[in-house]
Amino acid sequence: MNLSVNDAYGVLTAPDSVRIERVLPGPIERVWSYLTESDKRRRWLAAGDMDLRVGGAVELNFDNARLTRNDDPPPAKYAADCVNTLRGRITAIEPPHRLSYTWNEESGSKSEVTFLLSEQGDQVQLVVEHRHLSNRSGLVSVSGGWHAHLGLLIDVLSQREPEGFWRTHGRLDAEYERRIPQA
């Protein structure tokens, strides 16, 4: 199967890390705003404040059941996580090209997500790297989650009605379960 970069599956870059690439409609400042501004980010990922400086607090208030209309209910293993808050700290920021922050720091997680943006004419290449995930289950969940959320971002930026988040995530979760090797 020949997938476009916007359909391609994430790849493991280390036993505890995944990388996903997408090409988005620009300009780069617009994409940056969808990463950093709560009211825009809530449309594809999660609302919440970000103190945009190294060491600044990050709060992500997820409400995945309200991201899209006409959706399936969440799978049982994610039902408790439909509405939750993750906190972290910004570890690197170079507007509008790089944003890194710790993910779910309060749980003791050492994982970190990095967004890298580069201009490609009137489009923007986005690379998302999520590193230091604690186990295979986390890799599967994060991989399917980022894939589904980035699909929403593409739809939002393209002004299209997105497919149901949980419907998409369920299909992707099963595919990443198959693709990510057992330890």
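The legends below accompany several close-up views of this predicted model. Residues are numbered from 1 along each chain as its sequence is written, and side-chain values use heavy atoms, leaving out hydrogens and water. Because the model is predicted, local features need pLDDT of at least 70 and side-chain atom pairs count only at pLDDT 80 or more, while totals for chains, interfaces and linings use all residues.

**View 1. R136 in helix α3.** Start with R136, found in helix α3 (residues 136-157); helices (H or I, at least four residues) and strands (E, at least two) are DSSP runs, numbered from the N terminus. R136 has 17% relative accessibility and so counts as buried (buried means under 20% relative accessible area, exposed over 50%, partly exposed in between, with a 1.4 Å probe and protein chains only). Beyond its neighbours within four places in sequence, R136 is in contact with Y176, E177, I180, P181, Q182 and A183, where contact means heavy atoms within 4.5 Å. A polar atom of the R136 side chain lies 2.8 Å from the backbone oxygen of I180.

**View 2. Helix α3 against helix α4.** Here α3 meets helix α4 (residues 165-179), their axes coming within 8 Å and crossing at roughly 140 degrees. Axes are lines fitted to C-alpha atoms, for helices over the stretch in contact, and angles run from 0 to 180 degrees between N-to-C directions. The two helices, α3 and α4, are therefore oblique to each other (angles under 35 degrees count as roughly parallel, over 145 as roughly antiparallel, 65 to 115 as roughly perpendicular and the rest as oblique). On the α3 side look for residues including R136, V140, H147 and L152, which belong to the set that meets α4 residues, among them F165, L172 and Y176. The residues of this contact of α3 with α4 divide into six nonpolar, eight polar and three charged; Ala, Val, Leu, Ile, Met, Phe, Trp, Tyr, Cys and Pro count as nonpolar, Asp, Glu, Lys and Arg as charged, and the others, Gly among them, as polar.

**View 3. Helix α1 and its packing on α3.** Helix α1 (residues 28-36) packs with α3 at an angle of about 130 degrees, the axes being 12 Å apart. R30, V31 and Y34 of α1 make the contact with L153, V156 and L157 of α3. The residues of the contact of α1 with α3 are five nonpolar, no polar and one charged. Seven of the nine residues of α1 are buried, so α1 is largely enclosed by the rest of the structure; W32 and L35 are among the buried ones.

**View 4. H130 in strand β7.** H130 lies in strand β7 (residues 123-131). At 0% relative accessibility, H130 counts as buried. The H130 side chain makes a polar contact with the side chain of S111 (3.1 Å); a polar contact is a pair of N or O atoms within 3.5 Å, and within protein one must be able to donate a hydrogen and the other to accept it, with residues adjacent in sequence counting only if both atoms are side-chain atoms. Leaving aside neighbours within four places in sequence, the contacts of H130 include D16, W103, V142 and W146.

**View 5. Backbone details in the loops.** Most residues other than glycine have a negative phi, and most peptide bonds are trans. A cis peptide bond joins G26 and P27, with omega about 5 degrees, and P27 lies in the loop between β2 (17-25) and α1. Another cis peptide bond joins P95 and P96, with omega about -10 degrees. N70 has a positive phi near 50 degrees and, at 69% relative accessibility, counts as exposed.
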